Structure formats: C-alpha cells, structure tokens
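Welcome! Here is a short tour for anyone opening this structure for the first time. Take a look at it, then read on.

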Amino acid sequence: MVRLARALKARGHSVTLVFNKGSQEDEQAVAPLREEGFPVALFPMDGVNLRAMLSFRRFVVEGGFQVVHVHRDTALRFAFFSLMGLDVPIVAQRGTTYRPKRLTKWILKSSKVPKISAVAYAVKEALVDSGIAPSKVCVVYGSVDFGVFRTDVSGAAVRQEFKIPSNAPVVGMVAALVGKKGYPVFLNACSGLSEKLAHLHVLMVGAGRASKFSREAAPLGNRAHFTGHREDVPQCMAAMDVVVCASTKGEGLTGVLREAMAMAKPVVSSAVSGNPEVIIPGKTGMLVPPGDPVALKDLLLKLLMEKSYSKRLSKGGRRLALCLFDNDARAYRMEAIYKEVVR
C-alpha cells in the first residue's frame, strides 16, 4: 500500500493513508509515513463501531476524497458500512485465492465496489468462481522496491551472525512460521538434501514459534536457523543460495518470490495460486507440486549443484521482475482504475 501511495503521490495525486487504530502493526507504520509528508489517519475498524464509522464518513466528506482503496477485508467492511449512501466508490484489493466469506462476497458484488484489484489471475479466477462478475476484477501485480531488493546486497553479515561458513550452501524461506507456508515440507526436503550435502545450512526468516517445527528441524541440528522477525530481509535473502516458497494454500502471488527475483536469486516455488504465473520452469525459476518434499529436494539439489543453470534462472527471473513488478507501472494501472470508477 505504501509503495503504491508513494508512486501515486509522485504522479501528482493527493493521497491520504488510513490505518486500523489498535492494530500494533499498523500503528508502528504511522510515524515514518508522516515524516515523509503523508497525511495519516487512524480509525478503529474492528467490529461494529458506529462512532468510528460516523467519524470516518465525516472525514471522507470533509476531505473531498473521490475514491477509497481498501487493502484488507476488515477495512472493506468498515469503509462499506461507513460510506453507504455517499457517492464515493470503493476499490477493493484481493491478495489471496481464499474464497471470500459470505458478507465479504456480498459487499464485493455490490455497486458500491465497482472494481476489485486482484494481485494475480489466479485470484481473479477464485473471485469469479465465487460469483463475482469478471468485468469487475482487474489484475494488477504487486510491485517491488528495486532500490531495496538489489543484486548487490551482501549476505555476509547474516552468515557471520549465524556462524554459516562463506562456502556453505544455504537454502531458505522468508515466511511467517505457520503451517500453510509449508515449513514441514521444506524441512523434510532439506533433511533429505543434507544427506547429499553434509555442510548444508537452512535459513528460515519469519515471526512465530520455531518449536512448532522442531521435530522436522531436528535432523539438521545446528544447521537449521530460525531467525524470527527481521528488518534486514534483503540481507537475509542475499545470504541464501536458493529462495524457496513451499506454501500449500492461501497465496495470491507470493511477495517473497517477487523480491527474490528482483535480487536475481534462483527460486523454487510450490505451484499454488498465482505463483505459476511468474515462475516459468527452466526460465525464471522452478515449480514443485504442493506438499512434495522429494520433488523439492531434487530441485534444490539440481540448483545447488548446477551453478550455470541456476545462474540462468536467476537472470531470467530478474528480467521478468523488472518487467512485471515496476511500481510506476503498477501506479499507472491503478490510476486508470480510479479514473474509471470516479463518477
């Protein structure tokens, strides 16, 4: 959302950012955005809070806003009921292939939401299968900050922190430590891989309880590194020889893949949701069936052993990322959608 806001502002638009008051994650984002010069407002969006809804309604009217772009279901429900009867359209963002729940689907089908921005064609397909009109859904891929996820970022400090030798192969994931991200599949694959590569290290970057996966990680011993939440994600990725997405469900188009491709890192992804739209086997990365640790192990071994092949995939992924995930191009697409819905 913030990347899009920056690009829209650069194109001359007046952009105000609205966050969920009471959400620690959102409230932490406010201060640096205000320092950038963005107007920022916070409203409690959870549950039914009539006072907050009336306050947001007044905020929209007095601010003269022409369109409201919502990025989460909580914000969608809050904005929809706050703005009923006002001639202010809502553009809804959809980032996963989960089918919308009954109330959310009813809102998405309403005339109050004339357009839905889906992050992948797979997300659009899931919405259409749920009964949403195809003409309502526009596919707009997410963007990457190429100034942050660069090819010249060093992973040396991260390797040193976790006592990983500079010549040791490292495979890694960047994802919350939850089941749907496929950590058991990933760790089982890496355990099998370590039988071929005894000096293999595994780097897992994400918030959550590592103890949930201690059984799967046990065969790797002290070569399995759970980092917890990190702010230096590009440096963590730079420390990896291969970046993996092992998700089994619930994706849209995994942001980590976009970022890894931007950094020219070879990627292996499970063939879920929109990931096969950008991971073209043998050209921009490799795909495996969801939940298949043997297939994942075999592909990881191929990429680690065949350096020239791995490098070719890295270059192909980088080229595609520059083409599809440019933030200015994304802003241009969203600008066209806004102009279409503003009456």
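How many residues does helix α3 have, and how far does α3 reach from its first C-alpha to its last? Helix α3 runs over residues 50-63, so to speak the opening stop of this tour, and has 14 residues with a reach of 20 Å. Please keep in mind that this is a predicted model.

**Helix α3: span and end**
- The 20 Å reach of α3 is close to the 20 Å expected at 1.5 Å a residue.

- Ala52, Met53, Phe56 and Val60 are the buried residues of α3. They sit on the same side of α3, because they cover an arc of only 100 degrees around the axis.
- On the face turned away from the buried side, α3 carries the exposed residues Leu50, Arg51, Leu54, Val61 and Glu62.

**Helices α4 and α5**
- The handedness of the α4 and α5 crossing is left-handed.
- From α4, the residues Asp73, Leu76, Arg77, Phe80 and Phe81 take part in the meeting, and from α5 they are joined by Leu103, Thr104, Trp106, Ile107 and Leu108.

Key: Residues are numbered from 1 along each chain as its sequence is written. This is a predicted model: local features need pLDDT of at least 70, side-chain atom pairs count only at pLDDT 80 or more; totals for chains, interfaces and linings use all residues. Side-chain values use heavy atoms; hydrogens and water are left out. Helices (H or I, at least four residues) and strands (E, at least two) are DSSP runs, numbered from the N terminus. The expected span of a helix is 1.5 Å times one less than its number of residues. Buried means under 20% relative accessible area, exposed over 50%, partly exposed in between (1.4 Å probe, protein chains only). The arc is that of the directions from the helix axis to the C-beta atoms. A crossing is left-handed if the near helix is turned anticlockwise from the far one by less than a right angle, and right-handed if clockwise. Contact means heavy atoms within 4.5 Å.
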